[in-house]
Amino acid sequence: MRNIVWKVGLVGVLALGIFAGFAGSRQVARAQEMQPQTFFVQAGGLGPGNVEVLAFAPQSLQVHRGDTVTWAINSFHNVHFSEGPNELVLMQDVNGQQMPVINPAVGLPTIENGATYSGGDANSGLPAGPDAPKTFSLVMDLEPGTYSYICDVHPGMAGVINVVADDQAIPTPAEVAVQGATELLGAIGAGTGAMLQLETTEAQATDTGVTVQAGNGGTGRTTVNQFFPFSATIQAGQSVTWTIPEDSVEPHTVSWPAVRGQDVAPIAVEGGAPILALGPTLLPMTQSGAEVAAGESFSSGLFNPGQSFSLTFTEPGVYPYVCNIHPGMNGVIVVEPGA
Ligand SMILES: [Cu+2]
């Protein structure tokens with residue numbers, strides 16, 4: 001299965017390269033006339049074994065004024081020309097109730113897909129639901145200079161666009177696409193090495209049960225979205241504590257059953273902009289430390305690097321679980337009868 005994902009991904013990268021090659025050769029002829037060109041940037045990428053790259057690739061590129069940059073939004077990312085990172089989740093009063101909501105400065109677009117960007121703060125907004133467009137484009141109507149942008153969801157995920165003078169030669173869109181693919185594949189390779197090592201992880205015993213590691217740390221802009229170990233065994237009445245390493249770059253959930261693609265739930269507010277509440281995918285539904293009996297559903301909601309989430313399993317049985325935000329990130333707890 002992982003092999004298939006890997007091959008499909010590779011075919012996709014090759015297809016992109018070939019497509020960009022065609023586009024590139026046509027643009028060589030046009031270059032004399034200074035026709036605007038379109039450059040592709042990958043926003044994140046996925047490799048085998050749920051290795052995910054949290055970077056823009058290429059991280060940096062050169063364009064001329066009037067060129068278009070199109071980002072492939074490969075996961076839950078935004079493209080934000082912003083002074084600094086913005087908090088993803090805020091507690092807010094919504095119709096008289098305190099609830100966690102997506103920071104509107106992150107979630108809501110301030111510039112339309114396909115619009116002209118002429119500087120200042122501009123945000124694509126977050127992909128709202130499974131039918132959200134998978135690309136985001138801006139026409140760069142900018143003076144020569146360096147323009148930085150970030151993904152607010154993943155601190156450290158940042159890219160740069162260098163606008164250069166009209167008479168300065170720059171890499172073709174094909175070369176930029178190949179550069180992006182090379183950066184992604186390099187990061188995926190590093191993550192795959194880490195993943196193979198982590199798959200030998202055993203559950204750590206504690207006084208009350210075991211710990212399971214959610215994701216990983218220490219691999220820079222690459223994260224391995226798996227539970228280590230995949231399967232852990234405890235006795236009835238014991239607990240499992242999931243932890244995300246402090247130096248990880250990705251939040252997760254511990255959930256059953258799975259809820260997919262409902263990260264954001266727009267709520268109408270009278271006389272104001274709609275609020276982006278956390279959807280069932282991210283919303284905490286179970287308190288850490290709660291007891292779970294056979295057949296019960298649970299979800300930690302989003303928890304972050306350095307944080308933990310625990311459940312106590314009171315009845316023998318087999319308890320599968322998933323991370324709601326990373327398809328294919330799943331695990332199982334086997335609960336044996338107590339002594
Ligand atoms: Cu996850």
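Which residues does Ser137 touch, not counting residues up to four places away in sequence? Select Ser137 and look around: the answer is Thr68, Val69, Thr70, Glu112, Asn113, Gly114 and Ala115. Contact here means heavy atoms within 4.5 Å.

**Before you go on**

This is a predicted model, in which local features need pLDDT of at least 70 and side-chain atom pairs count only at pLDDT 80 or more, while totals for chains, interfaces and linings use all residues. Residues are numbered from 1 along each chain as its sequence is written, and side-chain values use heavy atoms, with hydrogens and water left out.

**Stop 1: Ser137**

Stay with Ser137, which lies in strand β10. Helices (H or I, at least four residues) and strands (E, at least two) are DSSP runs, numbered from the N terminus. Ser137 is buried, with a relative accessible area of 16%. Buried means under 20% relative accessible area, exposed over 50%, and partly exposed in between (1.4 Å probe, protein chains only).

**Stop 2**

Six of them form an open sheet with mixed pairing, in the order β8-β10-β4-β1-β2-β15. Two strands pair if DSSP finds at least two bridges between them. At the edges are β8 (116-117) and β15 (222-224), each pairing on one side only. Inside the sheet, β1 and β4 pair in the parallel sense over 6 bridges. Pick out Val41, which stands opposite Trp71 in β4.

**Stop 3: the nonpolar core**

Which residues have the most contacts inside the largest nonpolar core? Select Phe56, Trp71, Phe81, Met140 and Ile161; the core has 39 residues. Elements that give two or more residues to this core include β1 (38-46), β4 (68-73) and β10 (135-140). The core draws at least three residues from each of domain 1 (2-194) and domain 2 (202-336), with bounds that come from an automatic or database domain assignment. A nonpolar core is a set of buried Ala, Val, Leu, Ile, Met, Phe, Trp, Tyr and Cys residues joined through side-chain atoms within 4.5 Å.

Zoom in on Met140. Leaving aside neighbours within four places in sequence, its contacts include Val63, Trp71, Phe81, Tyr117 and Ile161. For a second, separate core, select Ala232, Ile234, Val254 and Leu311, which are among its 22 residues.

**Stop 4**

Move to Ala194, in helix α3 (residues 173-198). Is Ala194 buried or exposed? Ala194 is buried, with a relative accessible area of 15%. Select Thr222 too: Ala194 and Thr222 are 28 residues apart in sequence and 9.6 Å apart in space, C-alpha to C-alpha.

**Stop 5: strand β14**

Select β14 (residues 209-214), which pairs with β13 (residues 204-205) in the antiparallel sense over 2 bridges. A hairpin of 3 residues joins β13 to β14, and Gln204 has Thr211 as its bridge partner. Strand β14 also runs parallel to β18 (residues 239-243), with 5 bridges; look for Val212 opposite Trp242.

**Last stop: the whole chain**

Zoom out to see the protein chain, with its 3 helices and 26 strands. Of its 339 residues, 45% count as buried.
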